[in-house]
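Dear colleague,

I am passing on a structure for you to look through. Please open it beside this message, and then read the notes that follow.

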Amino acid sequence: MQFTNIQLLAFFSFFIFAHAEEEITREIIISGNDAMQFDVKKFVTAPGEKIHITFKNVGSLPKIAMGHNLVFLKKGIDAVAFGQKVLASGGSATNPLPKSLLGDVIAHTKLLGPSETETITFQAPKTKGDYQYVCTFPGHFAMMRGTMEVK
Ligand SMILES: [Cu+2]
């Protein structure tokens, strides 16, 4: 069986493309501290890109008083409105992200105590635009917010 040059080209470019797509992983490191601040308030990613987020709680206050998580919200979900919804849905220091709200969430870490770190991996949305992220420990949404821009 003979392959034409075009067929061979199509065959190999498929592999090259598939491989290239696999290689693109964006590494982002974000920390939260005892002053209720994320050190990264904005980052940019490409549509559909694989993202590794390493989230660190660099504070020293106990988790029950100053735990932090990192919650990525779907397009159009406002971080402040979501923080209020968490409280209205029974969110607390021991249950900062009620399961009933996961439909609004792209990806999230656990609640981290002092010096804890967690890495999560997810695929960036395919639709361009701004996506907000927030810490949903009660009250922290007032200060701990940021934006992932997909462009
Ligand atoms: Cu927090």
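Leaving aside its neighbours within four places in sequence, which residues is Val 71 in contact with? They are Leu 97, Val 105, His 108, Tyr 133, Val 134 and Thr 136, where contact means that the C-beta atoms of two residues, placed from the backbone, lie within 7 Å.

Please keep in mind that this is a predicted model, in which local features need pLDDT of at least 70 and side-chain atom pairs count only at pLDDT 80 or more, while totals for chains, interfaces and linings use all residues. Residues are numbered from 1 along each chain as its sequence is written.

Val 71 is also among the residues with the most contacts inside the largest nonpolar core, together with Leu 73, Tyr 133 and Val 134, and this core has 23 residues. Such a core is a set of buried Ala, Val, Leu, Ile, Met, Phe, Trp, Tyr and Cys residues joined through C-beta atoms within 7 Å; a residue is buried if 20 or more other C-beta atoms lie within 10 Å of its own, exposed if 12 or fewer, and partly exposed in between. The elements that give two or more residues to the core are β3, β4 (71–73), α3 (79–88) and β7 (129–134), named as DSSP runs numbered from the N terminus (helices H or I, at least four residues; strands E, at least two).

In α3, the buried residues are Ala 79, Phe 82, Gly 83 and Val 86. Seen down the helix axis, they fall within an arc of 105° (taken from the directions from the axis to the C-beta atoms), so they line one face of α3. The face turned away from that buried side carries the exposed residues Val 80 and Ala 88.

With best wishes
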